[in-house]
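Hi,

Here is the structure I promised to pass on.

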There are 2 protein chains.
Amino acid sequence: MVLADELAKAQRSISVAEFFEKNKHLLGFDSPTRGIITTVKEAVDNALDACEEAEVLPDIYVGIKRISGDVFRIIVEDNGPGIVPAQIPYVFGKLLYGSRFHQIKQSRGQQGIGISAAVLYAQLTTGTPTLVISRTSAATPACQVMLQIKIETNEPDIISTQEIEWDRAHGTRVQIEFKSSLAAKKRLLEYLRYTAVVNPHARLRVDLDDETETFERVSSEIIVCPKAIQPHPHGIEIGQLQRMLASSDGQVELFLVSGFSRVGKKTALEMCQIAGISPEKSAKKLTPDEQRQLIAAMQQVNVPAPPASLCLSPIGEDLIIRGLRKEFPMDFVRARTRPSSVFSGHPFMVEAALGYGGKLPPEGNAQILRFANRVPLMYQQGACAITGCITEINWKSYSVSQQGLPVGPLLILVHVASTNVPFTSESKDAVASIPEIEKEVTLALQDLGRDLKQFLSRRDRNRLAEDRARAVCAIIPEIAEKVAEIVELPIPDISPIEGRIMRKMVVKKRLSGDTVTIELNNYTDFNGTVSVYETSPDSAHDAEPKADFVTSLDTEFTKVWQVPLAPGASWKVTWKGRGGGNLDIRGIDEGKCVVVDLNV
Amino acid sequence: MVLADELAKAQRSISVAEFFEKNKHLLGFDSPTRGIITTVKEAVDNALDACEEAEVLPDIYVGIKRISGDVFRIIVEDNGPGIVPAQIPYVFGKLLYGSRFHQIKQSRGQQGIGISAAVLYAQLTTGTPTLVISRTSAATPACQVMLQIKIETNEPDIISTQEIEWDRAHGTRVQIEFKSSLAAKKRLLEYLRYTAVVNPHARLRVDLDDETETFERVSSEIIVCPKAIQPHPHGIEIGQLQRMLASSDGQVELFLVSGFSRVGKKTALEMCQIAGISPEKSAKKLTPDEQRQLIAAMQQVNVPAPPASLCLSPIGEDLIIRGLRKEFPMDFVRARTRPSSVFSGHPFMVEAALGYGGKLPPEGNAQILRFANRVPLMYQQGACAITGCITEINWKSYSVSQQGLPVGPLLILVHVASTNVPFTSESKDAVASIPEIEKEVTLALQDLGRDLKQFLSRRDRNRLAEDRARAVCAIIPEIAEKVAEIVELPIPDISPIEGRIMRKMVVKKRLSGDTVTIELNNYTDFNGTVSVYETSPDSAHDAEPKADFVTSLDTEFTKVWQVPLAPGASWKVTWKGRGGGNLDIRGIDEGKCVVVDLNV
């Protein structure tokens with residue numbers, strides 16, 4: 001027998017389940033610790049997608065409990081539309097099964113792999129089947145299925161199925177048990193926090209072993225679910241066209257109009273004309289040569305970009321800023337939502353934000369938050385095209401230090417939304433290097449970088465102005481006093497001099513003995529009301545004039561005075577106290593006002 | 001109708017071919033340019049694997065030709081064992097089909113995806129079927145198959161099949177056409193060069209558009225093909241054990257002995273005893289509880305590591321050094337093959353090499369060559385665990401500068417060989433972060449780092465010794481001369497002084513007028529023959545004594561004298577010339593010899 005016959009005996013088909021059981025790290029199960037995060041992520045992704053489709057406000061419960069030794073039970077429950085009983089085994093018990101793969105629209109799940117991978121991991125490490133409960137409406141009972149995956153065939157293996165009572169009117173609950181650890185608890189909470197930031201309409205309740213945390217929704221507005229669109233004529237390859245033609249049953253003109261987005265009757269006729277094909281010809285009967293001519297013609301005709309506003313769901317600049325401000329106190333934060341763009345026919349959109357200062361750690365690398373289709377990316381930062389773009393930007397030209405990554409009190413957020421996010425692996429940890437996406441990320445960050453530079457230089461200018469003001473306000477009175485003493489005249493009113501030098505609203509705060517004074521001098525043409533906010537341990541109950549309102553937090557009191565000020569006018573408040581704290585003037589242009597703490 | 005029913009209609013099974021058509025970047029087809037490298041890589045991997053299995057010396061032809069516009073034809077032909085006609089459609093026309101996935105041994109191919117992915121890419125971008133010719137022996141005709149993949153089902157679509165005449169007695173030829181570019185030509189040649197380095201037994205002939213290059217084999221020794229082994233009892237999970245039990249048909253004892261590597265009768269009985277299971281019980285009939293007890297017992301019993309020497313095929317320190325020296329002239333090169341180790345039951349072995357100086361670029365990051373199972377990894381260096389390890393090492397402690405990566409004239413080679421290399425994606429570009437592998441890579445590099453440090457400090461010491469020698473040899477004669485003049489006595493013989501100070505073999509080279517002199521003084525106890533190599537533009541045809549042999553390259557002549565030297569002896573040669581060039585003394589310990597060029 002020849003060797004080839006011998007070798008042929010070893011040739012075998014490999015089931016997808018076998019493949020991913022062996023290569024489980026590709027699905028985010030490279031370590032037991034990571035398994036929990038991956039499972040929660042996949043289940044929460046599904047829950048959010050389902051709620052979006054059903055247009056309900058998501059209310060998601062995540063429970064993680066050690067049940068013995070290194071075995072953990074992970075429960076994720078949602079109030080989504082539920083799954084019909086016949087589909088449950090396939091959705092959870094078959095890899096590469098789902099509703100979102102064949103649709104062109106932004107969704108968190110794309111592959112039909114995620115949650116089945118967790119089922120696979122559970123049966124591999126503990127042999128325990130997964131328990132699913134789902135109910136589709138108050139009119140039907142809930143269905144409980146216990147299932148596994150038949151590894152050799154990648155088909156669901158139903159162990160039991162029964163109707164049960166369930167207190168939810170609709171929704172899905174999945175319970176998975178596998179070997180893991182809670183070593184990455186911090187990162188899990190981070191994942192949930194970031195998820196809450198970009199899904200402000202969702203409530204997440206978490207039971208983590210014995211801790212409980214709730215991420216409350218901050219918006220009750222339901223996100224509009226993106227709509228699926230047809231493929232774009234410029235983003236299609238000959239192989240796909242051939243398949244579409246083979247399964248069509250009409251004339252070429254109709255095929256083009258109904259099969260592609262942005263193709264109307266006129267465009268379709270133009271394509272047919274360039275290809276030299278009669279628009280009435282049966283699409284199915286095109287010869288291979290005609291197919292090639294058609295695809296060439298489709299590329300030649302000008303067609304508007306795909307309707308990104310339909311199929312994409314960006315977070316929006318305002319919501320990004322609000323989400324970030326909630327979690328990270330910063331001196332500066334800006335966001336950009338770039339116009340939509342296209343790679344290989346897939347519409348996409350890049351959003352980015354830059355934050356600076358505040359409570360961000362002043363040293364070390366900038367903090368990078370990466371998101372794809374509203375899902376935080378928690379691993380493989382180094383392998384991600386987003387990180388690549390950040391490293392390639394010359395941050396020094398935006399007054400930020402850089403050692404590979406930018407360093408300093410900087411936060412960088414990037415969100416890539418697409419009908420098909422190109423991940424570097426099935427575990428969806430990192431965005432692949434696609435030039436079109438990289439260009440958009442870079443443009444967004446450069447744009448924000450210019451804003452940051454402006455902020456930083458203004459802050460530096462403001463510091464200069466403050467230094468100058470401090471000198472003027474502290475020294476001029478002393479000079480006036482000395483001069484008055486020498487010439488034996490009364491001390492003159494120095495405010496006109498101050499005003500001429502400063503040409504600003506000058507706010508002076510001073511502690512003399514136990515008396516705190518705040519004095520406002522309006523040397524500008526401002527004519528209106530400013531709010532004086534002072535926060536310090538002084539309660540200032542004896543203030544003269546009295547504060548318009550006072551709030552207290554722990555041992556700090558915030559006092560607010562509403563002060564009407566005409567040009568040239570001045571105002572003063574005093575109280576007994578120890579001073580210190582913060583002083584903030586609102587209602588007047590930052591650049592027109594100088595705050596001087598004369599005790600610093 | 002409830003929403004869930006509506007949603008259920010969109011639920012569909014996704015074929016593997018569909019999945020990878022959409023996610024083709026996961027397979028290394030992220031850009032047309034890269035497509036050529038990926039295809040050549042997959043085809044050459046298969047050819048080398050097949051030749052290894054057939055124990056023939058690989059003779060591989062790679063042809064790449066632009067056939068029109070942006071369409072390229074890629075041909076890879078080998079002299080391997082061939083593929084039986086019935087298997088050809090599956091090997092090339094079905095993703096996840098192959099002989100190596102289910103075997104536990106080192107091989108280049110692991111997944112049964114690679115070459116079919118190229119077929120998929122061809123039909124997607126050009127609609128052109130792939131042409132395969134294969135012949136399994138001189139006694140059978142060759143079989144030619146034209147095929148594609150049915151995307152919706154991932155099954156082969158045979159367009160034509162016929163017997164043909166072919167001049168090879170056995171082998172396989174595949175011809176694939178797709179849209180691409182030759183922009184990455186340099187990287188393609190690099191890939192082929194590196195492949196030749198780690199497969200010294202292979203001949204690679206390359207036709208690149210209109211250039212031809214041959215990478216000749218440097219060794220005619222056939223690599224011993226690794227043997228497949230059984231799984232190791234410590235590297236198995238309950239899910240796998242359950243499947244193995246279900247398909248077994250004997251007693252538990254026999255199941256353990258025949259199903260696992262390193263398990264003999266004694267070990268099997270011990271496992272049964274700890275698990276509380278009778279060794280005679282039918283393996284198939286174990287209850288779930290007994291299964292759990294059995295796997296726990298399997299982990300408890302001490303079992304030797306898997307037989308790595310059988311299933312792995314490291315390159316070897318000597319061959320790595322020879323391969324590197326051939327491609328990169330360096331002052332220092334060392335290699336290490338680490339002992340084999342295990343992760344999740346998969347045996348693996350790490351090999352590494354460090355090179356320094358010579359013609360390596362003196363500035364910029366160190367050059368990193370990554371290999372896995374004798375295959376060069378050409379992309380995603382930043383995402384690779386190997387790069388991670390290199391960055392984590394403190395190179396400064398080995399006298400090498402570092403900015404993230406080490407910098408300077410440094411070359412780092414790492415080869416990971418395993419029965420299951422954990423790649424970060426199906427495109428097999430980067431090794432995933434597995435702590436056990438990272439540990440071995442780090443240990444190998446630290447070990448080599450210590451050697452490098454020693455080399456560098458010796459080099460520095462040698463420089464010091466040379467400086468000292470130059471001073472001694474140049475100044476002492478002058479002092480002797482002056483002193484002799486003053487005391488009016490003849491100039492004394494200063495060699496004993498030189499000898500006492502140096503205690504080395506001192507080699508002096510000097511140019512006086514147009515006379516070149518090389519003088520050897522052996523102040524050591526060395527007693528033997530040294531070879532004096534002098535390379536310069538001087539032909540030295542008038543040398544006294546005559547050189548033992550002379551070779552010339554361009555305008556440079558290398559003259560060699562064999563010089564027997566007893567302790568205390570000296571030797572001298574002179575010729576007319578301009579001097580300069582290099583002087584090298586071989587046959588005596590580097591540390592015992594000092595070469596002084598007195599004209600420098």
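**Where the two chains meet**

The contact draws 59 residues from chain A and 60 residues from chain B, with two residues counted as touching if their C-beta atoms, placed from the backbone, lie within 7 Å. Before going on: this is a predicted model, in which local features need pLDDT of at least 70 and side-chain atom pairs count only at pLDDT 80 or more, while totals for chains, interfaces and linings use all residues. Residues are numbered from 1 along each chain as its sequence is written, and chains are lettered from A and ligands numbered from 1 in the order in which they are written.

Several elements of chain A supply at least two residues each to the side that touches chain B, among them helix H1 (3-8), helix H3 (32-54) and H7. (Helices are DSSP runs of H or I with at least four residues, strands are runs of E with at least two, and both are numbered from the N terminus.) By class, that side of chain A has 26 nonpolar, 26 polar and seven charged residues. Here Ala, Val, Leu, Ile, Met, Phe, Trp, Tyr, Cys and Pro count as nonpolar, Asp, Glu, Lys and Arg as charged, and the others, Gly among them, as polar.

Strands cross the boundary too: E4(A) pairs with strand E1 (residues 12-13) of chain B in the antiparallel sense, over two bridges. Pairing needs at least two bridges found by DSSP. In this pair, Tyr97(A) sits opposite Ser13(B).

Then look at helix H7 (residues 238-246) of chain A and helix H5 (residues 114-125) of chain B: their axes come within 5 Å and cross at roughly 70°. Axes are lines fitted to C-alpha atoms, for helices over the stretch in contact, with angles from 0 to 180 degrees between N-to-C directions. That makes H7(A) roughly perpendicular to H5(B), a label used for 65 to 115 degrees. Ile238(A), Gly239(A) and Gln240(A) meet Gln123(B), Leu124(B) and Thr125(B) there.

**A sheet in chain A**

Four strands form an open, antiparallel sheet in chain A, in the order E22-E23-E21-E25. Strands E22 (549-553) and E25 (582-586) are at the edges with a single partner strand each, so one side of each has no neighbour in the sheet. On average, neighbouring strands are turned by 20° against each other, direction ignored. Five bridges join E21 (residues 528-536) to E25(A), and Tyr533(A) has Asp584(A) as its bridge partner in E25(A).

Cheers

Notes. Angles under 35 degrees count as roughly parallel, over 145 as roughly antiparallel, 65 to 115 as roughly perpendicular and the rest as oblique.
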